[in-house]
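Hello,

As promised, here is the structure for you to look at. My notes on what turned up in it follow below.

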Amino acid sequence: MFWVNLCPFLKGEYIEVARKVVAYSLLTRPDKGELLNILLVGDSSCGKSELLRSVSNLFEFCQFVSTNTSSAGLGYDARWGGKEGLAIKASGGFLLVDEFDKLDKEIYKTMLEVMDKQTVTVTKGGHRKIFEAKVNVIGACNQKNFRWDDITLDQIPLPYVLLTRFHLIIPLGSLDQKYYPDVAENYSDDAKPDFKIAHERFKMYVESSRNINVTISKEMSKYVGIFFQHMKRFGLDEYFPITPRQIEGFVSLAKAVARSRQKSIVDKECLMETAGIFLDVLKNYITIGKKIGVVTSKIIRFLEKKATI
């Protein structure tokens, strides 16, 4: 439960799922081929930007990308002798991309290369140079029209070619009024020292666990494939892509779970916990779907079957 120390001031069932996934993702190692790109999609003021900024402030291996970032600032600025952009600087770590849907469209081409090939390519004066950008991307954006009319990919205002590069897409709804008293407590002066201590604990845990070398056996990998076969058969790709990319992300997350347990191998318990995290994300789809009157029967049937590893 190390993840509870990440942004404990963010309240609500939706953002809790995001906190958990982001916390575990920080234990992945993109420099070792453990890829896990995550997109948080939801209402304004639901906490996604604050989550990304908190992570950026805690870890040097994270670089924050905002609407002020240019394509050259992300990749490589060839002027004045050349300057490495954020994706190159973050290699081995994370790009935290806020307001993804509001970035300059020129940046999408660079972002696509980073997410797809883990590189940044620069061409100048007939010469071509390729830089490593082995990063995982954690992005955040609003849904279309700033409200949920449906819970399919059509509600996300990003090019489809970019959406398919995410391993996990997490929908976030507005905060239920029952959490308002908890939110108000965040502004009390005696709450702030507690939050600082929580973040210090979280940082220490991540930094001490992130370098554990983790492996997964063929036997354990087969269980992952079966889990996704079930998801595909239930038609859950209506809500988010279910492709080999999602299997890749699941394995990366499973290795992160192993590190959180101080283990060097992914065992059945790690796979079960990882499956539980994926199911928590599906529950976000159900809750939002019910509130806006959208049928989510496929997901409900999948969860009722208690599909596990």
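Where is the place of Cys7? Cys7 sits in the segment before α1; helices here are DSSP runs of H or I with at least four residues, strands are runs of E with at least two, and both are numbered from the N terminus.

First, the background. This is a predicted model, in which local features need pLDDT of at least 70 and side-chain atom pairs count only at pLDDT 80 or more, while totals for chains, interfaces and linings use all residues. Residues are numbered from 1 along each chain as its sequence is written, and side-chain values use heavy atoms, with hydrogens and water left out.

**The sheet**

Five strands make up an open, parallel sheet, in the order β2-β5-β8-β1-β9; two strands count as paired if DSSP finds at least two bridges between them. At the edges are β2 (62-65) and β9 (168-172), each of which pairs on one side only. On average, neighbouring strands of this sheet are turned by 15° against each other, direction ignored. For such angles, axes are lines fitted to C-alpha atoms, for helices over the stretch in contact, and the values run from 0 to 180 degrees between N-to-C directions.

Then β1 and β8 run parallel and are joined by four bridges; here Ile38 stands opposite Ile138.

In a regular strand the side chains alternate between the two faces of the sheet. In β2, both faces are covered: Cys62 and Phe64 on one side, and Gln63 and Val65 on the other, are all buried. Buried means under 20% relative accessible area, exposed means over 50%, and partly exposed lies in between (1.4 Å probe, protein chains only). In β8, six of its six residues are buried. Asn136, Ile138 and Ala140 point one way from β8, while Val137, Gly139 and Cys141 point the other way.

Helix α1 (residues 13-25) lies across β1 (38-42), β5, β8 (136-141) and β9, and runs at about 150° to β9.

**A hairpin**

Away from that description, strands β6 (residues 119-124) and β7 (residues 127-132) run antiparallel and are joined by six bridges. Thr121 has Ile130 as its bridge partner in β7. The hairpin has two residues between the strands, and Gly125 there takes a positive phi near 60°.

Most residues other than glycine have a negative phi, and most peptide bonds are trans. Back to Cys7, then: its phi is near 50°, a positive value in a residue other than glycine. Cys7 is buried, with a relative accessible area of 0%. Ser45 also has a positive phi, near 65°, and belongs to the loop between β1 and α2 (48-58). Ser45 counts as exposed, at 78% relative accessibility.

**The cavity**

The lining consists of Val41, Trp148, Ile151, Thr152, Leu153, Ile156, Ile169, Pro171, Tyr239 and Tyr285. These divide into nine nonpolar, one polar and no charged; Ala, Val, Leu, Ile, Met, Phe, Trp, Tyr, Cys and Pro count as nonpolar, Asp, Glu, Lys and Arg as charged, and the others, Gly among them, as polar.

**Two more residues**

Asp154 lies in the loop between β8 and α6 (160-163) and is exposed, with a relative accessible area of 58%. The C-alpha atoms of Asp154 and Tyr239 are separated by 9.2 Å, and these residues are 85 apart along the chain.

Asn284, found in helix α11 (residues 268-291), is buried, at 3% relative accessible area. Leaving aside residues up to four places away in sequence, Asn284 touches Glu13, Tyr14, Val17, Ile170, Pro171 and Leu172, where contact means heavy atoms within 4.5 Å.

Methods:
On a 1 Å grid over the protein atoms alone, a cavity is a set of points where a 1.4 Å probe fits but cannot get out, and a pocket is an open set with protein on both sides within 12 Å along at least five of seven lines; lining residues have an atom within 4 Å of a point.
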